[in-house]
Each structure stands twice: as C-alpha cells, then as structure tokens.
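Have a look at the model first, then read on.

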Amino acid sequence: MSKFNFPSIKETNDLSNLRKEVRNFITKSLNHKDFEPSADAWVFSASPEFSKKLGSMGWLGMSFPKKYGGNERTALERYVVTEELLASGAPVAAHWIADRQSGSQILRYGNEEQKKSIIPKITAGECFFAIGMSEPDSGSDLASVKTKATKIENGWKLEGRKIWSTGAHIANYMIVLVRTSPASENNRHEGLSQFLVDLSLPNVSVKGIPDMTGQRHFNETLFDNVILSEDALLGVEGKGWSQVVGELALERSGPERFLSHFTLFESFINEFKNILIKSGSKLIGKLIAELQTLRRMSFSIASMLQNGESPETQAAFVKELGNKFEKTMVETLREFSNIIPLYEWPSQLQNLFEDATLRIPSNSLRGGTTEIMKGIIARQLGLR
Ligand SMILES: Cc1cc2nc3c(=O)[nH]c(=O)nc-3n(C[C@H](O)[C@H](O)[C@H](O)COP(=O)(O)OP(=O)(O)OC[C@H]3O[C@@H](n4cnc5c(N)ncnc54)[C@H](O)[C@@H]3O)c2cc1C
C-alpha cells in the first residue's frame, strides 16, 4: 500500500515568496496586455515570446543543472511557478511539454552532446517539444506501436506515423517511441526505443487535426523513411518502455490536470460572489475543498520527483481525480446558469465557459484514458 502514500508537504516561506514574485509578474503582464487569460492554456495558448520571457526570468527548466542553462531549483519551486501560470490562464503551451517532461527525459537518458545542444535552448524558451507516443492504432496499448527505426550505416531509418501530438506544428523536436526490434514472446515491452527527432528533417510532415472546437492544436506526423543520425537515439536501444513509463509520471501528475480551467472558476466566483453567498456556497465550497486536496496531492508528488522517485501510481490518481474535478466544476457552473442565465455572464466569462464545455471531454483521453488510470490503480490494489 506504500504507493498510495502522499506525504504532506508544507509550503515554506521561500516558496510563498516565489509565488508572490510570479503573481507580480503575471499582474504586470496582464496590465501590459501581454496576454489574454484563456481556458486550457497549456494546450491551446502558445506564445513563443511569452515563453522566451519566462526563460529570461529563469522559470523554464528551473531544476535543470546550471551547466546546461538551468537554475538547479527544486521541483517544488517549479510546482509553484507552474501553478501560478496555469491559474492565470497564461500562454504557456509552446514550451509546456519541453519544460515538463522532454527536458528531464534528455537529462536523464541523453548523451552529453544532446544535453549540451538542446537543454540550454529549452531553458531559454527557444526550443519546443512534442510527444510522439500515440499512433492511429496504438493509444492505450502503447507497446503495440508500429512506427519503426531500422539500423543503417551511420544511423537509423524511421518509418511510421504518430497521431494526436499536441503542439507538433510549432515544436522543434519530438521524442518518438518506436520499435527497433520485435518484442520477445514473453515480454512485449522489449525492443522499444526512444528517438529524439528533429521535426525539420526531410521526409517529416506534420498535419494539423481540428478538434471539437475547430482549433488545431494536435497533429498527425508522418515519418516517410526519415534518415536519423546515430545520436538521435535517446537512451538505450530496446529500453524505451521503461524510459517512457518514467516520463508518464511527469506527464500525469502536475497541476495542469486540475487547473486547466481555473481561470473560469475564479472569474465565475468573483463575478457572482454576492449571489453565490446566498445560494450556492455549499457547492462552490465542495469544489474548493476538492481542488485543495488535489493541490496537496500534486505538490506531494513534486516532492517525490525531487527525491528521485518515479511515482506513476500516484500520478494516475492525480490525473483521474483532476479530470473528474474539472468535469464536475464545469457541470456545476452549468447548473448555476439556471439561476444566473448565461446571457447575464460577462462575455469573457461566457467564452471561457464555452471553451471549457467543448474541451473537457478530451480530458478523459489525453495523457491516458480514465479506464487506463483506473487499471493502474487497481493493479496497485492487487485487484488485477
Ligand atoms: C487533447 C488530446 C491531446 C493528446 N496529446 C497527445 C500527445 O501530445 N502525444 C501523444 O502521443 N498522444 C496524445 N494524445 C492521445 C492520447 O494519449 C490517446 O488518445 C489515449 O492514450 C487513448 O488512446 P486511443 O485514442 O488510441 O484510444 P484507445 O486506446 O483505442 O481506447 C478507446 C477506448 O477503449 C478503452 N480501453 C482501451 N484499452 C483498454 C483496456 N485495456 N481496459 C479498459 N479500457 C480500455 C479506452 O479507455 C477508451 O475509452 C492526445 C489525446 C487528446 C484527446
């Protein structure tokens, strides 16, 4: 049962001061109209200029080693910065994946050349990443990927197709999970490898796919016999499965899993607090309590990551409960439209609400589906 332990971590004065610093920065940015708060900003709202600004503040790759341009700050400090940025709906999508997982993956498994050439650009907010896991016929069952890399003289030949890759249209690189050799009879996780693929290489084509909102944030990427150099291999050939599993803990455990629509929640409360105090404080209070619990769980995971642990099961909890929280929050606000008709909501609030309504359904898919998260938790409980 130890995997269900979420040690309680207190926010120190230093962390609270950092939080204030980020809030001041955001207030200034909003006053300068540097950005308009948006829903699901870590997926939909990309601003390379804003990313660069965060890089210059030292808020990207915060925990990365100084020798690669990082600041050697803690995962808890990174947590505080990302939480504030998410809560304000700031345009963080361009660098999000590089800062959250790809940079750490390169630091953990990459060779010196990969680290030296890429990490400083990530910390400067000048190099963006996409995740190349899912394929048209492989999503939940990731071990069944068919994209393959074949050894050739001085390198590799990459053939196949990845799908749903968020931000691939603005990314410089994609970390691609591929087969480099057939799975063995009793272990289908063998023979997978990760590659660091420069998306500007010949024979790589990235095509946007519109989602329900009509926006294009994810993509299909075709690798049509792309020639990769030898050092495009990330980590150890054949060990891609264990590498990718560790990456998923970074992907699923952060505050973006429950703060994607916080700007809607906060604006709604601020706008209608006088009405909510009379009728609705119980429902809103319940949501705030759930949110607070999720924050503590995610903060606790950040401290586990800081200690070098790989908390995949705890991450599945945050991902699943965060998804449920966001869905319930939007449904609760919809219920309130019975007493506060939508046409009385300020237009910015209406827009946030409409975006959230259309985007929430994808929460139960992105980053791993509800059934897969529950399966991970059930395995830990010894139920499967
Ligand atoms: C907004 C968004 C962004 C995304 N971004 C990325 C990205 O950047 N990079 C990337 O690689 N992928 C990305 N994805 C893809 C996402 O990871 C997959 O959609 C997800 O893993 C599910 O895979 P699938 O769509 O192939 O569905 P399937 O795996 O075919 O699943 C279909 C249904 O069957 C259920 N199911 C499947 N297997 C089991 C099982 N063993 N037990 C019980 N139920 C099961 C699933 O829960 C689901 O309900 C994104 C998806 C979305 C919606």
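Around the ligand sit 17 residues, and the closest are Ser-134, Ser-140, Trp-164, Thr-369 and Glu-371 (being near takes a heavy atom within 4 Å). Keep in mind that this is a predicted model: local features need pLDDT of at least 70, side-chain atom pairs count only at pLDDT 80 or more, and totals for chains, interfaces and linings use all residues. Residues are numbered from 1 along each chain as its sequence is written, and side-chain values use heavy atoms, with hydrogens and water left out.

A nitrogen atom of the ligand has a backbone N or O atom of Ile-131 at 3.0 Å. For Trp-164, a backbone N or O atom lies 2.8 Å from a nitrogen atom of the ligand. Ser-140 uses its side chain instead: an N or O atom there is 2.6 Å from an oxygen atom of the ligand.

Now for the helices, which are DSSP runs of H or I with at least four residues, numbered from the N terminus. The axes below are lines fitted to C-alpha atoms over the stretch in contact, and angles run from 0 to 180 degrees between N-to-C directions.

| Helix pair | Axes come within | Crossing angle |
|---|---|---|
| H11 (residues 312-336) and H13 (residues 370-380) | 9 Å | roughly 140° |
| H10 (residues 281-306) and H11 | 10 Å | roughly 160° |
| H4 (residues 75-87) and H5 (residues 93-109) | 13 Å | roughly 155° |

The H11 and H13 crossing is left-handed, meaning the near helix is turned anticlockwise from the far one by less than a right angle. Contact here (heavy atoms within 4.5 Å) involves residues including Phe-317 and Glu-320 of H11 and Met-373 and Ile-377 of H13. By class, that contact splits into 5 nonpolar, 4 polar and 3 charged residues (Ala, Val, Leu, Ile, Met, Phe, Trp, Tyr, Cys and Pro count as nonpolar, Asp, Glu, Lys and Arg as charged, and the others, Gly among them, as polar).

H10 and H11 also cross in a left-handed way. Among the residues that meet are Leu-287 and Leu-294 in H10, and Phe-317 and Phe-325 in H11. This contact of H10 with H11 has 15 nonpolar, 5 polar and 1 charged residues.

Methods: Helices (H or I, at least four residues) and strands (E, at least two) are DSSP runs, numbered from the N terminus. A polar contact is a pair of N or O atoms within 3.5 Å; within protein, one must be able to donate a hydrogen and the other to accept it, and residues adjacent in sequence count only if both atoms are side-chain atoms.
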